[in-house]
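Please examine the structure shown below together with its sequence. The paragraphs that follow lead through several of its local features.

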Amino acid sequence: MELLYQGRMSDINFIDAGWVIDGSGCSVSENVRFGIKNGCIVSINDSGFKDSAINGVVDLSSCTILPPLVDSHVHLCMSGTDDPEVRQRQLDMDFVEAEKIISKHIAQHLSYGILAVRDGGDRHAHALRYLNECHKIIKTPIKIKVAGKAWHRTGRYGGLIGRPPHNGCSLAEAINNSSDGIDHIKVVNSGLNSLKEFGKETDPQFGTKELSDAVNLADKLRLKVMVHANGKRPVAAAVASGCHSIEHGFFMGDENLELMTEKNIIWVPTACTMKAYSEHMKKGSIEHEVSLMNLEHQLKQIAKARKHGVTIALGTDAGSTGVHHGSAVIEELSLLISAGYSLPEAIKCATLNGTILLGIDEFGLIEKGKPVTFIAINGEPSDLPASLSSIKAICINGILKYLE
Ligand SMILES: [Zn+2]
């Protein structure tokens with residue numbers, strides 16, 4: 001996909017947008033004229049497009065405008081393929097191959113209007129190396145936040161994306177010894193969801209004390225902690241430690257949801273992983289049935305989270321089976337909507353809430369005084385989220401580019 005240079009904002013005085021979803025969760029505005037000066041929004045007028053003959057107007061009146069999207073949970077090294085041989089090769093690949101795959105995935109994100117991703121770890125820390133060695137050179141506008149290798153308990157799930165603390169080190173000591181260059185810490189605190197036994201809980205990998213020590217250390221290092229956790233006890237230990245986000249959180253239960261509201265811990269439910277499993281498992285198999293039940297249960301939890309006021313950031317777990325970089329964001333938005341979120345509320349999870357979690361302040365909301373940074377999608381809001389596959393333009397810090 002090519003980004004075509006269109007023009008600097010110094011040539012543009014106004015942008016006319018058919019519809020605007022500003023990222024705040026509030027309702028859609030229609031026929032909005034933005035006044036632009038020095039690359040910033042100086043006025044927002046929703047009383048229609050008057051004086052269409054004036055100079056310097058960019059016509060996006062057939063488009064819906066949103067802040068750039070954020071996928072708060074991806075694995076850049078892995079693709080969504082369900083071919084076991086390819087998946088195994090991706091787990092073992094060297095950096096030369098990883099570089100090509102990561103670049104491809106980044107281009108996929110860009111083509112769906114995703115301008116920030118948070119990586120949940122890979123076993124060789126290729127995404128971290130990519131960020132350090134390649135990202136600045138290729139100058140893609142996407143912000144990449146990386147965990148390097150995740151942490152898991154010896155003998156427990158997590159070897160696909162990380163490693164255990166070694167040599168009698170506590171989790172906090174291990175983190176302290178190897179946090180160079182990373183943007184956040186990823187801890188795995190449960191197993192995967194069973195696809196054979198509905199709601200089967202695994203033991204927490206780390207206790208509350210060990211996790212709390214790790215979170216306190218992370219605070220000193222100014223790093224946030226994302227915790228993979230499914231089931232009541234693994235999530236409860238993570239929530240009690242004051243971690244910053246719960247990843248997946250299947251079967252966490254009402255009590256944890258309430259505590260997350262109280263402690264302002266963000267939830268990244270990755271519901272589309274179960275939808276993808278259900279589509280890849282043979283119809284009539286136990287795995288097919290259980291993945292559908294898991295999905296159903298997660299959607300009920302998401303509805304409760306909305307009621308309790310838990311902050312959800314959209315994350316897809318792109319790179320897991322059947323979850324494809326870029327397009328998965330359409331799946332996850334659809335699932336949030338089917339769980340009861342309005343379109344603007346679901347967009348908020350994929351924009352503002354993601355930027356808060358990733359610590360990005362350059363975008364997240366479209367408002368007066370902010371830089372002109374948005375994505376423009378062909379068509380009306382009712383075409384979303386499917387129309388994310390049809391991005392017309394991306395504007396970053398005042399530079400507008402049309403996508404072919
Ligand atoms: Zn993950």
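At 2% relative accessibility, C349 counts as buried, where buried means under 20% relative accessible area, exposed means over 50%, and partly exposed lies in between (1.4 Å probe, protein chains only). The cysteine sulfur closest to that of C349 belongs to C272 and is 13 Å away, too far for a bond. C40, by contrast, counts as partly exposed because its relative accessibility is 26%. Its sulfur has that of C395 as the closest cysteine sulfur, at 11 Å, which is again too far for a bond. A disulfide is a pair of cysteine sulfur atoms within 2.5 Å, and by this rule the count comes to zero disulfides.

Some conventions apply throughout. This is a predicted model, in which local features need pLDDT of at least 70 and side-chain atom pairs count only at pLDDT 80 or more, while totals for chains, interfaces and linings use all residues. Residues are numbered from 1 along each chain as its sequence is written, and side-chain values use heavy atoms, with hydrogens and water left out.

Helices (H or I, at least four residues) and strands (E, at least two) are DSSP runs, numbered from the N terminus. H75 and D317 are both buried.

Aromatic rings provide another link. Rings of Phe, Tyr and Trp (its six-membered ring) pair if their centres lie within 6.5 Å; planes under 30 degrees apart count as stacked, over 60 as edge-to-face and the rest as tilted. The count comes to one aromatic pair. The ring centres of F198 and F251 are 5.3 Å apart and their planes stand at 85°, so the pair is edge-to-face. The two residues are 53 residues apart and link distant parts of the chain. F198 is partly exposed at 39% relative accessibility, whereas F251 is buried at 11%.

Finally, R163 lies over the face of W151, at 3.5 Å from the ring centre; such a charge has NZ of Lys or CZ of Arg within 6 Å of the ring centre and within 35 degrees of the ring normal.
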